[in-house]
Amino acid sequence: MTHNPLKALLAGAAGVATAVAMAAPTVAQDYSGITVNILTRPGPVIAGRMAERGEEFTEMTGAEIRVDEVPFAELFQKVLTDWATGTNSIDVGVFASGWATELAAADLLEDLTPYVEADDKIDIDDIAPYFREFNQKIAGQVKLITLDGDFQMAYYRTDIFDEYGLEPPRTWDEYLANAAAVHGKDFNGDGEPDFGSCMFKKRNAQSYFAVMSFAAAYVQSKGTGEGIFFDTETMKPKVNNEAWIKAFEIYKATGEYGPPDEINHDVGDTRALLQAGRCAQMIDWGDVGPLSIDPEGELIRNKMGAVIMPGTTEVLDEESGELVACDAERCPHAIDGINYAPFAAFGGWSGAINKNADPKVKEAAYAFLSYMNQAAQSNVDVTMGWTGYNPYRNSQLENLEPWIEAGFTEEAASNYLGAIKASLNNPNMASDLKIPGAAQYTGVILDRELARFLAGDITAEQAVANIEEGWEEITDDFGRDEQAEIYRLSLGITNQ
């Protein structure tokens with residue numbers, strides 16, 4: 001672990017011009033005898049489609065694409081340990097873009113800038129600005145290739161809402177009121193009571209991303225550059241306050257209208273319930289749109305509405321740590337008095353290449369990541385719910401035809417893509433954490449204290465105090481000034 005990550009990140013920029021001459025060719029080549037070892041999360045989501053595209057790539061180039069899987073909670077540490085110790089059994093890591101900064105600070109990532117500059121097929125300008133800049137770049141260099149674009153949104157059953165005269169939720173209070181109004185009704189006709197809300201809350205999964213979506217609008221109101229995690233000058237955590245306490249409490253309160261064992265549900269469990277017709281509302285990534293027209297989702301086919309993440313009428317006053325009412329000064333981007341801060345949870349699954357891999361392996365690895373990213377492949381993959389890949393290209397967001405061909409009605413496709421664009425283009429969009437230690441700050445500390453709170457072991461007040469203490473320790477370990485500088489650089493990247 002380096003204690004001066006900013007210096008390491010910025011120092012590498014000087015080598016870009018030299019590396020251009022070594023850029024990998026982008027035409028299909030003969031990579032026979034080369035094996036590219038990729039590590040990512042388990043299951044059909046992300047890994048499954050990657051393996052299928054890998055078989056196509058093998059037929060085209062001769063390279064063997066080997067996709068290995070580990071549990072989500074172990075993914076970052078496996079990659080970091082393999083590359084930092086020089087084991088180098090992994091050539092490509094596919095993980096959250098925000099995790100890559102720590103690897104870049106340790107000089108473990110291949111600079112992909114020259115590869116992209118020499119690539120006439122990736123069509124870099126078609127990648128939406130936020131995903132092109134936030135997901136892919138660190139200190140101005142391309143260090144990752146985007147494979148997926150992630151935002152969390154609120155989803156609701158249009159047929160159920162029409163039947164009971166409900167409106168899509170604009171605030172968390174409205175979300176809870178909607179859930180209460182329909183909880184216990186039978187939505188799928190099987191004679192069993194169903195749920196007003198379905199929410200993944202399992203520890204060591206991805207639940208902590210959801211609670212960050214709950215917190216974002218309470219914490220951030222002045223624009224993307226404000227950030228939801230730390231003071232940009234001092235790196236003091238912005239977590240031990242009424243805003244995060246409120247977010248924790250509302251997140252837990254949704255369980256009153258959910259399955260009795262919801263605390264043990266990961267995102268796959270909630271999606272299965274949704275496709276079985278048992279959920280009136282939920283919070284999730286963009287996967288829900290394509291899942292709703294999947295054959296297993298026949299009960300909800302073209303019946304899922306999507307809206308920007310609910311907002312708040314109260315926001316954090318940093319000096320007092322209390323929630324105060326929105327006004328024109330505190331919430332300059334508010335709509336009808338409601339502050340929205342859609343959270344780019346996870347940023348998106350992205351591929352990074354081990355700097356110390358064999359040069360020919362790096363060539364083949366980049367060619368494969370480019371192949372998956374290119375519109376010809378990705379514009380199909382994002383319309384298939386089981387793949388886990390969500391829109392990140394302008395063409396995917398603007399052209400309705402592939403979505404209609406996949407099974408959406410024009411109305412459903414317009415609604416789904418419209419909610420993503422409204423999130424992506426919101427001037428108060430909240431960015432995920434992208435600094436060294438990101439996986440520790442949220443995937444370890446936040447996730448642990450959230451789980452203890454949900455289990456009833458500690459109060460929300462105790463949870464946020466523990467998180468503050470844990471975050472301060474990580475910041476001190478990496479270096480406060482360096483972390484603050486990198487945090488500031490990571491903010492303000494929008495789709496504008």
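**Aromatic pairs and a buried strand**

**View 1. Phe230, a buried aromatic residue.** Phe230 has 0% relative accessibility, so it counts as buried. The model shown here and in the views below is predicted. Tyr441 is buried too, with a relative accessible area of 0%.

**View 2. The aromatic pair of Phe214 and Tyr251.** Searching the whole structure gives 32 aromatic pairs. One of them is Phe214 with Tyr251, in an edge-to-face arrangement. The ring centres lie 5.3 Å apart, and the planes make an angle of 75°. This pair links distant parts of the chain. Phe214 belongs to helix α10 (residues 207-219), Tyr251 to helix α11 (residues 242-253), and 37 residues separate them. Phe214 counts as buried because its relative accessibility is 0%. Tyr251 is likewise buried, with a relative accessible area of 0%.

**View 3. The aromatic pair of Phe230 and Tyr441.**

**View 4. Lysines over ring faces.** Lys201 lies over the face of Tyr251, 5.2 Å from the ring centre. Tyr251 is also the edge-to-face partner of Phe214. Lys252 lies over the face of Phe453, at 4.7 Å from the ring centre.

**View 5. A cluster of linked rings.** Ring pairs join Phe72, Phe76, Phe95, Trp99 and Phe200 with Tyr208, Phe209, Trp285, Phe346 and Trp349 in a cluster. Two of these residues, Phe95 and Trp349, return in the next views.

**View 6. Strand β12, enclosed by the rest of the structure.** Five of the five residues of β12 (residues 349-353) are buried, so the strand is largely enclosed. In a regular strand, side chains alternate between the two faces of the sheet. Both faces of β12 are covered. Trp349, Gly351 and Ile353 are buried on one side, and Ser350 and Ala352 on the other.

**View 7. The strand partners of β12.** Strand β3 (residues 92-96) runs antiparallel to β12 and is joined to it by five bridges. Here Phe95 stands opposite Ser350. Strand β6 (residues 145-146) is also antiparallel to β12, with two bridges. Which residue of β12 is the bridge partner of Thr146? That partner is Ser350.

Terms used
Residues numbered from 1 in each chain as written. Predicted model: local features only at pLDDT ≥ 70, side-chain atom pairs only at ≥ 80, totals over all residues. Heavy atoms only, no water. Phe/Tyr/Trp six-rings, centres within 6.5 Å; stacked < 30°, edge-to-face > 60°. Helix = DSSP H or I, 4+ residues; strand = E, 2+ residues; numbered from the N terminus. Buried < 20%, exposed > 50% of the residue type's maximum accessible area, 1.4 Å probe, protein only. Lys NZ or Arg CZ within 6 Å of the ring centre and 35° of its normal. Pairing = 2+ DSSP bridges.
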